[in-house]
Amino acid sequence: MEARNNGRAIAAMLLAMAGFILNDALVKLSADALPLGQIILVRGIVSIILIALVCYATGVFKSVSQLRQPAVLVRAAAETSATVCYLTALFHLPIANATAILQALPLVVTAGAAIFLKSKVGWRRWTAIAIGFAGILIIVRPGLEGFNAFSLLALAGVACMAVRDLATQQVPKDVPTFGVALVSFIAVTTLGAGLTVVDGWQAMSLETFGLLCGASVFIIVGYIFIIIAMRSGEIAVVAPFRYSIVIWAIGLGFFVWGDVPDGWTLLGTGIVIVMGIYTFFREQRIAHN
């Protein structure tokens with residue numbers, strides 16, 4: 001039974017990563033036709049409608065007061081900042097490069113937990129974090145021809161996501177997950193509305209609207225299936241399959257945009273993934289000792 005549950009959880013994690021990267025791809029395709037604020041606003045409105053229906057079906061609205069927790073609000077603010085930084089970077093970088101930089105998130109969260117939450121992190125994990133960031137430098141290559149300044153925005157997005165995840169750890173267990181997601185969607189969409197006031201509104205084709213509706217569906221698929229994955233399987237077995245998103249990103253980058261990651265990017269990506277997996281298993285081992 002445990003093996004069967006883990007198999008289902010792995011399948012759910014793979015579907016979640018596919019949902020997240022397909023959302024990124026559809027948003028990136030929309031960037032040719034619409035400004036950032038309008039993309040965030042339209043995708044956000046559709047997402048809010050969909051997630052609100054889920055909240056209604058699961059009874060979240062019966063305990064709205066629980067969503068006023070400071071950690072929920074900090075998480076929403078960090079999610080908003082991360083969205084702007086990462087999507088801006090995504091519009092100007094190959095999708096595989098942006099996704100590879102994103103894989104530094106577990107390392108940044110571990111470092112942040114040690115610095116701000118006083119979590120105990122030993123020399124092995126600090127070494128893994130340092131090597132992982134060396135991998136990021138290989139991908140970004142500051143000062144070399146391959147460097148793109150938007151890589152810094154991707155890194156800023158990762159930092160904001162780390163704040164989001166650390167805040168999530170402080171959210172009380174009785175606060176409904178879908179409610180937390182709804183608050184984040186509302187915050188991000190509100191920012192999109194503000195950016196639209198500044199950048200203006202452009203006529204939107206039915207095709208572009210369809211892309212953003214698809215992005216809304218896929219990002220919610222990502223949210224739902226990652227919850228299923230983490231709740232139905234052993235974390236130590238399931239979590240490493242997060243990195244399947246890199247394979248999705250490389251495939252989409254090649255077939256949709258014709259991007260082929262160079263050897264340095266693949267090397268840096270491999271280093272970041274290996275160090276992330278090592279850090280995760282090290283944390284699991286310490287937790288069970």
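1. A salt bridge is here a side-chain nitrogen of Lys or Arg within 4 Å of a carboxyl oxygen of Asp or Glu. In this predicted model, Arg164 forms such a salt bridge with Glu79, and the closest N and O atoms of the two side chains are 3.4 Å apart. Because Arg164 belongs to helix α7 (residues 150–169) and Glu79 to helix α3, the pair ties together parts of the chain that are 85 residues apart in sequence. Arg164 counts as buried at a relative accessibility of 14%, and Glu79 likewise counts as buried, at 9%.

2. Glu79 has a further partner in Arg75, with which it makes a salt bridge of 3.6 Å, N to O. This pairing is local, in that Arg75 and Glu79 both lie in helix α3 (residues 70–92), four residues apart, which is about one turn of the helix. Arg75, like Glu79, is buried.

3. Arg164, for its part, also meets the side chain of Asp165 in a salt bridge, at 2.9 Å from N to O. Asp165 has a relative accessibility of 21% and therefore counts as partly exposed. Through shared partners, the salt bridges join Arg75, Glu79, Arg164 and Asp165 into one network, and the count for the structure comes to three salt bridges.

4. Which side chain of opposite charge is nearest to Asp24? It is Arg43, at 5.6 Å, and Asp24, although buried, has no salt bridge; the distance exceeds the cut-off, since a salt bridge requires the nitrogen and oxygen to be within 4 Å. Asp24 is placed in helix α1 (residues 2–30), and, once neighbours within four places in sequence are set aside, Asp24 is in contact with Tyr86, Leu90 and Ile95.

5. Turning to the rings, a search of the whole structure finds four aromatic pairs. One of them is formed by Phe185 and Tyr223, which are edge-to-face, with 5.5 Å from centre to centre and 85° between the planes. This pair links distant parts of the chain, with Phe185 in helix α8 (residues 177–199) and Tyr223 in helix α9 (residues 206–232), 38 residues apart. Phe185 is buried at 6% relative accessibility, and Tyr223 is buried at 17%. Ring pairs also bring in Phe20, so that Phe20, Phe185 and Tyr223 are linked into a cluster.

6. The rings of Phe254 and Phe255 also form a pair, with centres 5.1 Å apart and planes at 80°, so this arrangement too is edge-to-face. Here Phe254 is partly exposed, with a relative accessible area of 45%, whereas Phe255 is exposed, with 69%. A contact of another kind involves Lys28, whose charged end sits over the ring of Trp257, 5.6 Å from the centre of that ring.

7. How many disulfides does the model contain? The count comes to zero. Cys55 is in no disulfide, and the nearest cysteine sulfur, that of Cys213, is 19 Å away; Cys55 is buried, at 0% relative accessibility. Cys160, which is in no disulfide either, has the sulfur of Cys85 as its nearest cysteine sulfur, at 4.8 Å, whereas a disulfide requires the two sulfur atoms to be within 2.5 Å. Cys160 counts as buried, with a relative accessibility of 18%.

Technical notes. Residues numbered from 1 in each chain as written. Predicted model: local features only at pLDDT ≥ 70, side-chain atom pairs only at ≥ 80, totals over all residues. Heavy atoms only, no water. Phe/Tyr/Trp six-rings, centres within 6.5 Å; stacked < 30°, edge-to-face > 60°. Helix = DSSP H or I, 4+ residues; strand = E, 2+ residues; numbered from the N terminus. Buried < 20%, exposed > 50% of the residue type's maximum accessible area, 1.4 Å probe, protein only. Lys NZ or Arg CZ within 6 Å of the ring centre and 35° of its normal. Lys, Arg positive; Asp, Glu negative; His and termini not counted. Contact = heavy atoms within 4.5 Å.
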